[in-house]
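Follow the explanation below with the model open. It takes a pair of helices, then the sheet.

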Amino acid sequence: MEDIKSKFEGNWECIKKENVEGFLEALGINLIKRKAAAQFNPKLCIAVRDETVQVTRKMPIKEIKNDFKLDDEIDVNDDDHKYKAKLTYADGKMTLTLRAVDGKSKDNTIVREIVGDNLVQTATCNGVTAKTTFKKC
């Protein structure tokens, strides 16, 4: 946990997005929500407390907060999509695996790693990848 804390903990702001709309389409998000989401520059807050990693995504219209214990599966409800989610950490990368459980959502994976001074988030669904780069605030 100390490695995650020293590398990832803090507030991060989006400085670059690549193929976010394509990724959201692969997830099955409708056109209006995809267009709106593509306009936002999200903020990410990562906090480590004891054995818990708290990940908060902040957007102008909402905030989504989840608490993870490494290698434990939890229930996640993300904008009317329901998943079983598991956070793992290996080789300097935090990997969030989201397994759809509601019949309408799609399985996807989010990998977060530090590249230089930036946090790079790579999200993949059905072979479609989006990359978001954050810098520490």
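In this predicted model, Glu21, Leu24 and Glu25 of helix 2 are in contact (heavy atoms within 4.5 Å) with Leu31, Arg34, Lys35, Ala37 and Ala38 of helix 3. By class, this contact comprises four nonpolar, no polar and four charged residues, where Ala, Val, Leu, Ile, Met, Phe, Trp, Tyr, Cys and Pro count as nonpolar, Asp, Glu, Lys and Arg as charged, and the others, Gly among them, as polar. Helices (H or I, at least four residues) and strands (E, at least two) are DSSP runs, numbered from the N terminus.

The axes of helix 2 and helix 3 (residues 31-39) come within 9 Å and cross at roughly 150°. Axes are lines fitted to C-alpha atoms, for helices over the stretch in contact, and angles run from 0 to 180 degrees between N-to-C directions. The two helices, helix 2 and helix 3, are therefore roughly antiparallel (over 145 degrees).

The sheet is open and has 10 strands in the order 4-3-2-1-10-9-8-7-6-5, with antiparallel pairing; two strands pair if DSSP finds at least two bridges between them. Strand 4 (62-69) and strand 5 (73-78) are the edge strands, each pairing on one side only. Strand 1 (residues 10-18) pairs with strand 10 (residues 128-136) in the antiparallel sense over six bridges. Tryptophan 12 stands opposite lysine 136 in strand 10. Helix 2 (residues 20-27) packs on the sheet, and its direction makes about 130° with that of strand 10.

Residues are numbered from 1 along each chain as its sequence is written. Local features need pLDDT of at least 70, side-chain atom pairs count only at pLDDT 80 or more, totals for chains, interfaces and linings use all residues, and side-chain values use heavy atoms, with hydrogens and water left out.

Methods
Angles under 35 degrees count as roughly parallel, over 145 as roughly antiparallel, 65 to 115 as roughly perpendicular and the rest as oblique.
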